[in-house]
Each structure stands twice: as structure tokens, then as C-alpha cells.
Amino acid sequence: MPMSRAEIATDSGAMLMNRLCKHWAHKLEVEQGEEESRVRFGEGSCIMRVEPDKLVVAVEALEEEALDRLEGIIDSHLERMAGDETLNIVWEN
């Protein structure tokens, strides 16, 4: 299974993770914790972990194309949830 990971520098990691989980819980299976959460998409999954000064996001998908789509979905949603904060999201495979 293709996987990628991003370490996103932010002081708002817990807030971002919580907002995303609440947003996606209406349509997707979400396991939300205080420091780590998992979201299951139809073609893969996303694990978010809050660490000091960053949010670590790992994505796993059934195929490369699905991985690229999920990265794009997560990017756009993180940017929306961040409001005025600028996030530097770089995916590493």
C-alpha cells in the first residue's frame, strides 16, 4: 500500500485535528482521540498525531492515484480549517 507523511509546523495541531475530525465525522468513519485520530476514506485512511509545535499526518491508500487524491483532499481541508494561519504541507513518500 502506498503511504506518505507530512510534518506540519503549527501551534494549532490539536485544534486542526479536532476540526477535521468533526467535519469528516458526518460522512466518514472517524476515531477521534486527544493526541491521535484516524479517518477512514473509501480508498484509504489518514492518521493525525499532535506533537509539540506540529501536526503529523500519515496517509495510506490502495493505489498511488488514490494517495495523490487523499493528499489533495487533506491539504485543502487543513488550509480551510487553519483560517489565517499559513501551513507549509510537504508530503514525503
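This is a predicted model: local features need pLDDT of at least 70, side-chain atom pairs count only at pLDDT 80 or more; totals for chains, interfaces and linings use all residues.
I looked up Cys46 to begin with, and Cys46 is buried, with a relative accessible area of 0%. Buried means under 20% relative accessible area, exposed means over 50%, and partly exposed is in between (1.4 Å probe, protein chains only).

Residues are numbered from 1 along each chain as its sequence is written, and side-chain values use heavy atoms, with hydrogens and water left out.

Next I checked Cys21, which is buried too, with a relative accessible area of 0%. How many disulfides does the structure hold? I found zero. A disulfide is a pair of cysteine sulfur atoms within 2.5 Å. The closest cysteine sulfur to that of Cys21 is in Cys46, 8.2 Å away, so it is too far for a bond.

Then I moved to the strands (DSSP runs of E, at least two residues, numbered from the N terminus). I saw β2 (residues 29-32) pair with β3 (residues 36-41) in the antiparallel sense, over four bridges. Two strands pair if DSSP finds at least two bridges between them. Three residues make up the hairpin that joins β2 to β3. I also looked up Gln32, and its bridge partner in β3 is Ser37.

Last stop: the loop between β4 (44-51) and β5 (54-61), where I found Asp53. Asp53 is not a glycine, yet it has a positive phi of about 65°. Is Asp53 buried or exposed? At 55% relative accessibility, I put Asp53 down as exposed.
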